Amino acid sequence: MDNFITIKNLILFSNKGKRNLIDIPNLQFDSKSISVIMGPNGAGKSLLLNLIQGLILPNEGTIKVNLFPKDENQKKVSIMMQKPCFLRRTTEQNIQFVLELNNEKRNVSILDILERFELITQKKILANKLSGGEKQRLSLALAISTNSKILLLDEPTANADPLTTIKIEKIIKEEAIAGKKIILVTHNIPQAKRLGQDIAFIHKGKVIEHCRKTDFLNRSKIKEINQFLKGDIII
Amino acid sequence: MEVFLKAFITALELILNFDISLYEIVGLSLQISITSLLIASIIGFPIGVFLAITQFSGRSFIISIFNSLMGMPPVVVGLIVYLLVSRSGPLGWLEILYTPYAMIFAQLLLILPIIISLSTQIFEELHKEYKDFFIIFSVPPKKSIIIYISDSKDSLITIFLAGFGRAVSEVGAVIIVGGNIDHVTRVMTTTIALETSKGDLPLALALGIILIFISLIINIIANKLKIKINKESSL
(Lines give C-alpha, C1' and ligand atoms only; values in the text may rest on other atoms or scores of the structure.)
Protein backbone atom coordinates (compact mmCIF):
# COMPACT_ATOMS: atom_id res chain seq x y z
CA MET A 1 0.00 0.00 0.00
CA ASP A 2 1.40 3.41 -1.01
CA ASN A 3 -0.70 5.50 1.42
CA PHE A 4 -2.00 7.71 -1.37
CA ILE A 5 -4.76 9.08 0.83
CA THR A 6 -3.99 9.28 4.53
CA ILE A 7 -6.67 10.12 7.05
CA LYS A 8 -5.48 10.87 10.58
CA ASN A 9 -7.51 11.51 13.74
CA LEU A 10 -10.50 12.71 11.72
CA ILE A 11 -13.37 13.89 13.89
CA LEU A 12 -16.62 15.53 12.90
CA PHE A 13 -19.03 16.53 15.68
CA SER A 14 -22.78 16.66 15.29
CA ASN A 15 -24.30 20.16 15.41
CA LYS A 16 -25.17 19.70 19.05
CA GLY A 17 -21.70 18.33 19.71
CA LYS A 18 -23.08 15.41 21.70
CA ARG A 19 -21.61 12.68 19.54
CA ASN A 20 -19.03 12.20 16.85
CA LEU A 21 -20.55 11.73 13.43
CA ILE A 22 -17.13 10.67 12.17
CA ASP A 23 -14.33 9.35 14.32
CA ILE A 24 -11.51 7.83 12.28
CA PRO A 25 -8.11 7.65 13.99
CA ASN A 26 -6.33 6.17 11.01
CA LEU A 27 -7.34 5.17 7.47
CA GLN A 28 -5.29 4.81 4.31
CA PHE A 29 -6.14 4.19 0.69
CA ASP A 30 -3.64 3.28 -1.99
CA SER A 31 -3.41 5.04 -5.34
CA LYS A 32 -4.46 2.35 -7.78
CA SER A 33 -7.38 0.28 -6.56
CA ILE A 34 -11.10 0.80 -6.42
CA SER A 35 -11.82 1.11 -2.72
CA VAL A 36 -15.33 0.43 -1.50
CA ILE A 37 -16.92 1.96 1.57
CA MET A 38 -19.84 0.03 2.98
CA GLY A 39 -21.98 0.30 6.04
CA PRO A 40 -25.58 0.68 7.21
CA ASN A 41 -27.61 3.84 6.56
CA GLY A 42 -26.47 6.80 8.65
CA ALA A 43 -23.10 5.21 9.38
CA GLY A 44 -21.23 8.21 7.92
CA LYS A 45 -20.17 6.92 4.49
CA SER A 46 -21.36 9.97 2.54
CA LEU A 47 -20.01 12.27 5.25
CA LEU A 48 -16.59 10.70 4.82
CA LEU A 49 -16.71 11.30 1.06
CA ASN A 50 -17.81 14.91 1.63
CA LEU A 51 -14.92 15.37 4.06
CA ILE A 52 -12.42 13.98 1.53
CA GLN A 53 -13.87 16.26 -1.17
CA GLY A 54 -13.77 19.29 1.15
CA LEU A 55 -17.50 19.99 1.06
CA ILE A 56 -17.46 19.67 4.85
CA LEU A 57 -14.56 20.67 7.06
CA PRO A 58 -13.66 18.36 9.95
CA ASN A 59 -13.56 19.55 13.56
CA GLU A 60 -10.27 17.76 14.05
CA GLY A 61 -7.79 15.73 12.04
CA THR A 62 -6.32 15.75 8.57
CA ILE A 63 -6.85 14.23 5.15
CA LYS A 64 -3.71 14.19 3.08
CA VAL A 65 -3.43 13.27 -0.59
CA ASN A 66 0.08 12.43 -1.78
CA LEU A 67 0.05 13.31 -5.46
CA PHE A 68 2.94 12.14 -7.60
CA PRO A 69 5.01 15.02 -9.04
CA LYS A 70 3.63 14.30 -12.55
CA ASP A 71 0.06 14.73 -11.29
CA GLU A 72 0.59 17.88 -9.27
CA ASN A 73 -1.11 20.15 -11.80
CA GLN A 74 -4.09 17.83 -11.96
CA LYS A 75 -7.24 18.50 -9.93
CA LYS A 76 -7.11 16.28 -6.87
CA VAL A 77 -10.64 15.19 -6.06
CA SER A 78 -14.00 15.08 -7.75
CA ILE A 79 -17.23 13.73 -6.36
CA MET A 80 -20.40 12.24 -7.73
CA MET A 81 -22.95 12.93 -5.04
CA GLN A 82 -25.89 10.82 -3.99
CA LYS A 83 -28.14 13.77 -4.80
CA PRO A 84 -26.54 15.27 -7.89
CA CYS A 85 -26.41 19.04 -8.29
CA PHE A 86 -26.30 20.81 -11.64
CA LEU A 87 -26.49 24.27 -13.12
CA ARG A 88 -29.93 25.33 -14.33
CA ARG A 89 -28.76 24.57 -17.82
CA THR A 90 -29.02 21.79 -20.36
CA THR A 91 -27.11 18.52 -20.11
CA GLU A 92 -24.78 19.66 -22.87
CA GLN A 93 -24.19 23.08 -21.29
CA ASN A 94 -23.36 21.52 -17.90
CA ILE A 95 -20.69 19.33 -19.50
CA GLN A 96 -19.39 22.23 -21.58
CA PHE A 97 -19.14 24.40 -18.45
CA VAL A 98 -17.11 21.82 -16.52
CA LEU A 99 -14.80 21.16 -19.48
CA GLU A 100 -14.17 24.88 -19.99
CA LEU A 101 -13.67 25.43 -16.28
CA ASN A 102 -10.98 22.79 -16.12
CA ASN A 103 -9.35 24.17 -19.23
CA GLU A 104 -9.59 20.67 -20.57
CA LYS A 105 -6.80 20.10 -23.04
CA ARG A 106 -7.30 16.38 -23.52
CA ASN A 107 -8.83 15.42 -26.83
CA VAL A 108 -12.29 15.07 -25.36
CA SER A 109 -15.30 16.61 -27.04
CA ILE A 110 -18.70 17.16 -25.51
CA LEU A 111 -20.06 14.75 -28.09
CA ASP A 112 -17.66 12.00 -26.94
CA ILE A 113 -18.82 12.45 -23.36
CA LEU A 114 -22.49 12.52 -24.31
CA GLU A 115 -22.02 9.33 -26.30
CA ARG A 116 -19.99 7.57 -23.63
CA PHE A 117 -22.66 8.28 -21.00
CA GLU A 118 -25.54 7.73 -23.42
CA LEU A 119 -26.91 11.22 -22.99
CA ILE A 120 -27.00 12.24 -26.65
CA THR A 121 -30.80 12.38 -26.87
CA GLN A 122 -30.94 14.31 -23.60
CA LYS A 123 -28.34 16.90 -24.56
CA LYS A 124 -30.84 19.75 -24.96
CA ILE A 125 -32.87 18.85 -21.87
CA LEU A 126 -32.44 20.82 -18.65
CA ALA A 127 -30.21 18.79 -16.33
CA ASN A 128 -32.68 19.08 -13.46
CA LYS A 129 -35.43 17.59 -15.62
CA LEU A 130 -33.56 14.37 -16.39
CA SER A 131 -34.69 11.07 -14.89
CA GLY A 132 -32.94 9.70 -11.79
CA GLY A 133 -30.68 7.37 -13.77
CA GLU A 134 -29.86 10.04 -16.34
CA LYS A 135 -28.98 12.48 -13.58
CA GLN A 136 -26.57 9.94 -12.15
CA ARG A 137 -24.96 9.39 -15.52
CA LEU A 138 -24.60 13.13 -16.01
CA SER A 139 -23.20 13.55 -12.52
CA LEU A 140 -20.63 10.84 -13.21
CA ALA A 141 -19.85 12.45 -16.59
CA LEU A 142 -19.20 15.80 -14.88
CA ALA A 143 -17.04 14.22 -12.18
CA ILE A 144 -14.96 12.42 -14.81
CA SER A 145 -14.78 15.51 -17.04
CA THR A 146 -12.73 17.30 -14.38
CA ASN A 147 -9.96 14.76 -15.01
CA SER A 148 -9.33 14.57 -11.25
CA LYS A 149 -6.90 12.07 -9.81
CA ILE A 150 -9.43 10.82 -7.27
CA LEU A 151 -13.06 10.04 -8.02
CA LEU A 152 -15.45 9.78 -5.10
CA LEU A 153 -18.64 7.99 -6.08
CA ASP A 154 -21.57 8.03 -3.70
CA GLU A 155 -23.94 5.22 -4.67
CA PRO A 156 -23.49 5.79 -8.40
CA THR A 157 -26.05 3.17 -9.41
CA ALA A 158 -28.69 3.70 -6.72
CA ASN A 159 -31.42 4.71 -9.20
CA ALA A 160 -30.13 2.81 -12.20
CA ASP A 161 -31.68 -0.20 -13.91
CA PRO A 162 -29.51 -3.32 -14.41
CA LEU A 163 -28.40 -2.31 -17.92
CA THR A 164 -27.41 1.19 -16.80
CA THR A 165 -25.67 -0.32 -13.77
CA ILE A 166 -23.53 -2.46 -16.07
CA LYS A 167 -22.68 0.59 -18.21
CA ILE A 168 -21.77 2.72 -15.19
CA GLU A 169 -19.66 -0.08 -13.71
CA LYS A 170 -17.86 -0.44 -17.05
CA ILE A 171 -17.00 3.28 -17.02
CA ILE A 172 -15.82 3.06 -13.40
CA LYS A 173 -13.51 0.16 -14.32
CA GLU A 174 -12.19 2.07 -17.36
CA GLU A 175 -11.38 5.09 -15.21
CA ALA A 176 -9.60 2.90 -12.67
CA ILE A 177 -7.56 1.27 -15.45
CA ALA A 178 -6.75 4.78 -16.75
CA GLY A 179 -5.04 5.44 -13.40
CA LYS A 180 -7.68 7.13 -11.30
CA LYS A 181 -8.18 6.32 -7.67
CA ILE A 182 -11.81 5.48 -7.06
CA ILE A 183 -13.56 5.43 -3.72
CA LEU A 184 -17.01 3.99 -4.08
CA VAL A 185 -19.80 4.07 -1.53
CA THR A 186 -22.36 1.34 -2.09
CA HIS A 187 -24.90 -0.79 -0.27
CA ASN A 188 -24.82 -3.25 -3.10
CA ILE A 189 -22.76 -6.26 -1.97
CA PRO A 190 -22.56 -7.88 -5.44
CA GLN A 191 -21.35 -4.54 -6.82
CA ALA A 192 -18.67 -4.34 -4.12
CA LYS A 193 -17.62 -7.85 -5.12
CA ARG A 194 -17.49 -6.91 -8.81
CA LEU A 195 -15.63 -3.62 -8.46
CA GLY A 196 -13.77 -3.37 -5.17
CA GLN A 197 -10.25 -4.40 -4.34
CA ASP A 198 -10.43 -3.31 -0.71
CA ILE A 199 -13.45 -2.64 1.45
CA ALA A 200 -13.80 -0.32 4.43
CA PHE A 201 -16.79 -0.87 6.68
CA ILE A 202 -18.13 2.10 8.64
CA HIS A 203 -20.43 1.76 11.61
CA LYS A 204 -21.54 4.70 13.75
CA GLY A 205 -18.88 6.94 12.22
CA LYS A 206 -15.99 4.55 12.92
CA VAL A 207 -14.13 2.39 10.43
CA ILE A 208 -14.40 -1.01 12.06
CA GLU A 209 -12.76 -2.94 9.23
CA HIS A 210 -10.61 -2.11 6.22
CA CYS A 211 -9.13 -5.03 4.37
CA ARG A 212 -8.90 -6.82 1.05
CA LYS A 213 -12.22 -7.73 -0.55
CA THR A 214 -11.74 -11.49 -0.17
CA ASP A 215 -10.92 -11.17 3.52
CA PHE A 216 -13.87 -8.91 4.06
CA LEU A 217 -16.38 -11.11 2.32
CA ASN A 218 -15.15 -14.50 3.57
CA ARG A 219 -13.35 -14.22 6.81
CA SER A 220 -14.55 -11.20 8.73
CA LYS A 221 -15.02 -11.95 12.39
CA ILE A 222 -16.79 -8.71 13.18
CA LYS A 223 -20.40 -9.26 14.18
CA GLU A 224 -21.79 -6.13 12.46
CA ILE A 225 -20.12 -7.00 9.15
CA ASN A 226 -21.48 -10.54 9.17
CA GLN A 227 -24.93 -9.18 10.00
CA PHE A 228 -24.61 -6.67 7.14
CA LEU A 229 -23.49 -9.35 4.67
CA LYS A 230 -26.38 -11.56 5.68
CA GLY A 231 -28.80 -8.68 5.20
CA ASP A 232 -29.70 -8.42 8.87
CA ILE A 233 -30.63 -5.11 10.44
CA ILE A 234 -27.70 -3.57 12.29
CA ILE A 235 -28.48 -1.45 15.33
CA MET B 1 -65.46 61.42 -19.04
CA GLU B 2 -65.13 64.43 -21.32
CA VAL B 3 -61.80 65.32 -19.72
CA PHE B 4 -60.46 61.81 -20.37
CA LEU B 5 -61.64 61.87 -23.98
CA LYS B 6 -60.10 65.30 -24.53
CA ALA B 7 -56.89 64.12 -22.89
CA PHE B 8 -56.76 61.05 -25.08
CA ILE B 9 -57.26 63.13 -28.23
CA THR B 10 -54.60 65.61 -27.04
CA ALA B 11 -52.21 62.74 -26.39
CA LEU B 12 -52.82 61.32 -29.86
CA GLU B 13 -52.37 64.76 -31.45
CA LEU B 14 -49.10 65.30 -29.58
CA ILE B 15 -47.78 61.92 -30.62
CA LEU B 16 -48.92 62.03 -34.24
CA ASN B 17 -47.84 65.64 -34.78
CA PHE B 18 -44.35 64.68 -33.59
CA ASP B 19 -44.44 67.49 -31.04
CA ILE B 20 -40.75 68.17 -30.46
CA SER B 21 -41.10 69.31 -26.85
CA LEU B 22 -43.14 66.20 -26.04
CA TYR B 23 -40.55 63.88 -27.56
CA GLU B 24 -37.84 65.83 -25.76
CA ILE B 25 -39.59 65.30 -22.41
CA VAL B 26 -40.27 61.61 -23.10
CA GLY B 27 -36.73 61.11 -24.36
CA LEU B 28 -35.16 62.72 -21.31
CA SER B 29 -37.42 60.71 -18.97
CA LEU B 30 -36.36 57.45 -20.60
CA GLN B 31 -32.73 58.49 -20.76
CA ILE B 32 -32.60 59.31 -17.04
CA SER B 33 -34.59 56.28 -15.90
CA ILE B 34 -32.72 53.77 -18.08
CA THR B 35 -29.30 55.21 -17.20
CA SER B 36 -30.00 55.09 -13.47
CA LEU B 37 -31.44 51.59 -13.84
CA LEU B 38 -28.37 50.33 -15.71
CA ILE B 39 -25.98 51.85 -13.16
CA ALA B 40 -28.07 50.44 -10.30
CA SER B 41 -28.02 46.99 -11.93
CA ILE B 42 -24.27 47.05 -12.51
CA ILE B 43 -23.71 47.96 -8.86
CA GLY B 44 -26.68 46.16 -7.32
CA PHE B 45 -26.56 42.66 -8.81
CA PRO B 46 -22.98 41.88 -7.71
CA ILE B 47 -23.80 43.25 -4.23
CA GLY B 48 -26.89 41.02 -4.23
CA VAL B 49 -24.74 37.98 -5.11
CA PHE B 50 -22.21 38.91 -2.43
CA LEU B 51 -24.90 39.25 0.27
CA ALA B 52 -26.54 36.00 -0.84
CA ILE B 53 -23.46 33.80 -0.84
CA THR B 54 -21.26 35.15 1.95
CA GLN B 55 -21.72 34.81 5.67
CA PHE B 56 -20.37 37.55 7.92
CA SER B 57 -21.45 39.26 11.09
CA GLY B 58 -23.86 42.11 10.35
CA ARG B 59 -25.07 40.52 7.12
CA SER B 60 -28.70 40.30 8.27
CA PHE B 61 -28.53 43.89 9.50
CA ILE B 62 -27.27 45.11 6.11
CA ILE B 63 -30.01 43.15 4.31
CA SER B 64 -32.61 44.66 6.67
CA ILE B 65 -31.28 48.15 5.92
CA PHE B 66 -31.62 47.60 2.17
CA ASN B 67 -35.11 46.14 2.67
CA SER B 68 -36.11 49.24 4.63
CA LEU B 69 -34.59 51.58 2.06
CA MET B 70 -36.84 50.07 -0.63
CA GLY B 71 -39.70 52.10 0.77
CA MET B 72 -37.74 55.32 1.24
CA PRO B 73 -39.86 58.37 0.28
CA PRO B 74 -38.55 59.95 -2.94
CA VAL B 75 -38.74 63.49 -1.51
CA VAL B 76 -36.37 62.42 1.27
CA VAL B 77 -33.95 61.02 -1.31
CA GLY B 78 -34.34 64.24 -3.29
CA LEU B 79 -33.55 66.27 -0.22
CA ILE B 80 -30.48 64.17 0.62
CA VAL B 81 -29.15 64.44 -2.93
CA TYR B 82 -29.92 68.16 -2.93
CA LEU B 83 -27.86 68.61 0.26
CA LEU B 84 -25.04 66.51 -1.20
CA VAL B 85 -24.77 68.24 -4.58
CA SER B 86 -25.76 71.80 -3.67
CA ARG B 87 -22.91 74.28 -3.83
CA SER B 88 -22.18 74.04 -0.10
CA GLY B 89 -22.59 70.25 -0.01
CA PRO B 90 -19.75 67.67 -0.02
CA LEU B 91 -20.33 66.93 -3.72
CA GLY B 92 -20.97 70.58 -4.64
CA TRP B 93 -17.75 70.67 -6.65
CA LEU B 94 -19.40 68.37 -9.19
CA GLU B 95 -21.79 71.21 -10.10
CA ILE B 96 -24.57 68.86 -11.11
CA LEU B 97 -27.51 70.39 -9.24
CA TYR B 98 -30.40 71.11 -11.63
CA THR B 99 -28.88 68.89 -14.29
CA PRO B 100 -29.97 65.44 -15.51
CA TYR B 101 -26.91 64.00 -13.69
CA ALA B 102 -28.35 64.96 -10.31
CA MET B 103 -31.65 63.38 -11.37
CA ILE B 104 -29.84 60.15 -12.34
CA PHE B 105 -28.04 60.21 -8.99
CA ALA B 106 -31.33 60.61 -7.09
CA GLN B 107 -33.02 57.84 -9.05
CA LEU B 108 -30.01 55.62 -8.56
CA LEU B 109 -30.36 55.96 -4.79
CA LEU B 110 -34.04 55.12 -5.08
CA ILE B 111 -33.59 52.05 -7.28
CA LEU B 112 -30.42 50.58 -5.80
CA PRO B 113 -32.07 49.19 -2.61
CA ILE B 114 -34.78 47.56 -4.74
CA ILE B 115 -32.22 45.90 -7.00
CA ILE B 116 -30.07 44.75 -4.07
CA SER B 117 -32.89 43.49 -1.83
CA LEU B 118 -34.88 41.63 -4.46
CA SER B 119 -31.82 40.17 -6.18
CA THR B 120 -30.37 38.99 -2.85
CA GLN B 121 -33.51 36.89 -2.32
CA ILE B 122 -33.24 35.39 -5.81
CA PHE B 123 -29.52 34.67 -5.49
CA GLU B 124 -30.02 33.11 -2.04
CA GLU B 125 -32.41 30.59 -3.60
CA LEU B 126 -29.98 29.85 -6.41
CA HIS B 127 -27.09 29.59 -3.96
CA LYS B 128 -28.84 26.71 -2.15
CA GLU B 129 -28.83 24.85 -5.47
CA TYR B 130 -25.37 25.86 -6.68
CA LYS B 131 -23.29 25.93 -3.50
CA ASP B 132 -22.10 22.31 -3.64
CA PHE B 133 -21.64 22.43 -7.42
CA PHE B 134 -19.31 25.43 -7.11
CA ILE B 135 -17.25 23.75 -4.36
CA ILE B 136 -17.03 20.43 -6.21
CA PHE B 137 -15.88 22.01 -9.45
CA SER B 138 -13.81 24.75 -7.79
CA VAL B 139 -15.59 27.58 -9.60
CA PRO B 140 -13.64 30.82 -9.06
CA PRO B 141 -15.58 33.57 -7.19
CA LYS B 142 -15.58 36.00 -10.14
CA LYS B 143 -17.00 33.33 -12.44
CA SER B 144 -19.61 32.34 -9.87
CA ILE B 145 -20.94 35.93 -9.73
CA ILE B 146 -21.38 35.88 -13.51
CA ILE B 147 -23.14 32.51 -13.34
CA TYR B 148 -25.48 33.61 -10.56
CA ILE B 149 -26.51 36.63 -12.63
CA SER B 150 -26.77 34.84 -15.98
CA ASP B 151 -28.65 31.84 -14.58
CA SER B 152 -31.31 34.04 -12.96
CA LYS B 153 -31.95 36.16 -16.04
CA ASP B 154 -35.69 35.60 -16.06
CA SER B 155 -36.14 36.59 -12.41
CA LEU B 156 -33.82 39.55 -12.79
CA ILE B 157 -36.01 40.91 -15.59
CA THR B 158 -38.83 41.24 -13.04
CA ILE B 159 -36.50 43.17 -10.72
CA PHE B 160 -35.41 45.28 -13.67
CA LEU B 161 -39.06 46.13 -14.32
CA ALA B 162 -39.69 46.97 -10.67
CA GLY B 163 -36.69 49.30 -10.74
CA PHE B 164 -37.77 50.89 -14.00
CA GLY B 165 -41.30 51.39 -12.68
CA ARG B 166 -39.96 53.11 -9.59
CA ALA B 167 -37.62 55.32 -11.65
CA VAL B 168 -39.92 56.39 -14.46
CA SER B 169 -42.89 57.16 -12.22
CA GLU B 170 -40.90 59.08 -9.62
CA VAL B 171 -41.49 62.81 -9.23
CA GLY B 172 -40.53 63.93 -5.71
CA ALA B 173 -36.79 63.50 -5.96
CA VAL B 174 -36.27 64.64 -9.55
CA ILE B 175 -38.26 67.81 -9.07
CA ILE B 176 -36.07 68.78 -6.08
CA VAL B 177 -32.70 68.07 -7.69
CA GLY B 178 -33.69 68.73 -11.31
CA GLY B 179 -35.74 71.85 -10.77
CA ASN B 180 -38.10 71.05 -13.68
CA ILE B 181 -36.23 73.40 -16.04
CA ASP B 182 -37.76 73.52 -19.52
CA HIS B 183 -35.58 71.80 -22.17
CA VAL B 184 -33.04 70.85 -19.50
CA THR B 185 -34.49 68.78 -16.68
CA ARG B 186 -38.19 68.58 -17.51
CA VAL B 187 -39.38 65.00 -17.52
CA MET B 188 -42.84 63.45 -17.88
CA THR B 189 -43.69 63.25 -14.20
CA THR B 190 -42.53 66.78 -13.37
CA THR B 191 -44.42 68.12 -16.42
CA ILE B 192 -47.57 66.34 -15.26
CA ALA B 193 -47.18 67.92 -11.82
CA LEU B 194 -46.56 71.35 -13.37
CA GLU B 195 -49.44 71.23 -15.87
CA THR B 196 -51.82 69.99 -13.17
CA SER B 197 -50.88 72.88 -10.93
CA LYS B 198 -51.47 75.24 -13.89
CA GLY B 199 -54.89 73.67 -14.45
CA ASP B 200 -54.00 72.24 -17.91
CA LEU B 201 -55.51 68.87 -17.11
CA PRO B 202 -55.80 67.53 -20.69
CA LEU B 203 -52.05 67.98 -21.32
CA ALA B 204 -51.20 66.51 -17.90
CA LEU B 205 -53.50 63.59 -18.55
CA ALA B 206 -52.13 63.17 -22.06
CA LEU B 207 -48.64 62.85 -20.65
CA GLY B 208 -49.99 60.42 -18.07
CA ILE B 209 -51.42 58.28 -20.87
CA ILE B 210 -48.08 58.35 -22.71
CA LEU B 211 -46.28 57.38 -19.48
CA ILE B 212 -48.61 54.41 -18.97
CA PHE B 213 -48.22 53.47 -22.64
CA ILE B 214 -44.41 53.49 -22.37
CA SER B 215 -44.52 51.38 -19.19
CA LEU B 216 -46.88 48.98 -20.94
CA ILE B 217 -44.59 48.62 -23.98
CA ILE B 218 -41.52 48.04 -21.78
CA ASN B 219 -43.43 45.44 -19.77
CA ILE B 220 -44.55 43.66 -22.93
CA ILE B 221 -40.98 43.60 -24.28
CA ALA B 222 -39.66 42.34 -20.92
CA ASN B 223 -42.31 39.63 -20.72
CA LYS B 224 -41.58 38.50 -24.28
CA LEU B 225 -37.90 38.32 -23.34
CA LYS B 226 -38.75 36.35 -20.20
CA ILE B 227 -40.87 33.88 -22.17
CA LYS B 228 -38.05 33.50 -24.70
CA ILE B 229 -35.51 32.80 -21.93
CA ASN B 230 -37.85 30.30 -20.27
CA LYS B 231 -38.49 28.57 -23.60
CA GLU B 232 -34.78 28.32 -24.36
CA SER B 233 -34.00 26.92 -20.94
CA SER B 234 -36.82 24.39 -20.89
CA LEU B 235 -36.04 22.74 -24.21
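Residues are numbered from 1 along each chain as its sequence is written, while chains are lettered from A and ligands numbered from 1 in the order in which they are written. Because the model is predicted, local features need pLDDT of at least 70 and side-chain atom pairs count only at pLDDT 80 or more, whereas totals for chains, interfaces and linings use all residues; side-chain values use heavy atoms, with hydrogens and water left out.

## Chain B

Chain B contains 10 helices and 0 strands. Helices (H or I, at least four residues) and strands (E, at least two) are DSSP runs, numbered from the N terminus. Read from the N terminus, the elements of chain B follow the order α-α-α-α-α-α-α-α-α-α. Along the principal axes, the C-alpha atoms of chain B fill a box of roughly 65 × 50 × 25 Å.

Of the 235 residues in chain B, 42% are buried. Buried denotes under 20% relative accessible area, exposed over 50%, and partly exposed in between (1.4 Å probe, protein chains only). Among contacts in chain B with a separation of 6 or more, 74% join residues 24 or more positions apart, a contact being heavy atoms within 4.5 Å.

## Nonpolar cores

A nonpolar core is a set of buried Ala, Val, Leu, Ile, Met, Phe, Trp, Tyr and Cys residues joined through side-chain atoms within 4.5 Å. The largest one holds 109 residues, of which Ile7(A), Ile37(A), Met38(A), Leu48(A) and Phe133(B) touch the most other members. Helix H5 (residues 100–136) of chain B contributes the largest share of this core, 11 residues. A second, separate core has 17 residues, including Val77(B), Ile96(B), Ala173(B) and Val174(B).

Beyond its neighbours within four places in sequence, Met38(A) is in contact with several residues, among them Lys45(A), His187(A), Ile199(A), Phe201(A), Phe216(A) and Phe228(A).

## A buried aspartate

Asp154(A) belongs to strand E6 (residues 150–154) of chain A. Asp154(A) is buried yet has no salt bridge, and the nearest side chain of opposite charge, Lys45(A), is 7.1 Å away. In this assignment Lys and Arg count as positive and Asp and Glu as negative, while His and the chain ends are not counted.

The side chain of Asp154(A) does make a polar contact, at 2.7 Å, with the side chain of Ser46(A). A polar contact is a pair of N or O atoms within 3.5 Å; within protein, one must be able to donate a hydrogen and the other to accept it, and residues adjacent in sequence count only if both atoms are side-chain atoms. Leaving out residues up to four places away in sequence, Asp154(A) touches Ser46(A), Leu49(A), Met80(A), Met81(A), Gln82(A) and Val185(A).

## Salt bridges

Over all chains, the structure has 16 salt bridges, each a side-chain nitrogen of Lys or Arg within 4 Å of a carboxyl oxygen of Asp or Glu.

| Residue | Partner | N to O distance |
|---|---|---|
| Asp23(A) | Lys206(A) | 3.1 Å |
| Glu92(A) | Lys124(A) | 3.1 Å |
| Lys180(A) | Glu175(A) | 2.9 Å |
| Arg89(A) | Asp151(B) | 2.8 Å |

Asp23(A) forms its salt bridge with Lys206(A). Asp23(A) lies in strand E2 (residues 20–29) of chain A and Lys206(A) in strand E9 (residues 206–212) of chain A, so the pair ties together parts that are 183 residues apart in sequence. Asp23(A) counts as buried at 18% relative accessibility, whereas Lys206(A) counts as partly exposed at 41%.

The salt bridge of Glu92(A) is with Lys124(A). Glu92(A) lies in helix H2 (residues 91–101) of chain A and Lys124(A) in the loop between helix H3 (110–116) and helix H4 (132–145) of chain A, so parts 32 residues apart in sequence are tied together. Lys124(A) is partly exposed, at 46% relative accessibility.

Lys180(A) is buried, with a relative accessible area of 6%, and Glu175(A) is buried at 7%. Salt bridges that share partners join Arg116(A), Lys170(A), Glu174(A), Glu175(A) and Lys180(A) into one network.

## The interface between chains A and B

The contact involves 24 residues from chain A and 19 residues from chain B. Together the two chains bury about 1,800 Å², 63% of it on carbon and sulfur atoms; buried area is the accessible area (1.4 Å probe) that two parts lose on being put together, summed over both. Cys85(A), Arg88(A) and Leu101(A) supply 30% of the area that chain A buries against chain B, more than any other three residues.

Between chain A and chain B there are 2 salt bridges and 4 residue pairs in polar contact (both at pLDDT 80 or more). On the side of chain A that touches chain B, the elements giving two or more residues are strand E5 (77–80), H2 and H4 of chain A. H2(A) gives the most to that side, with 4 residues.
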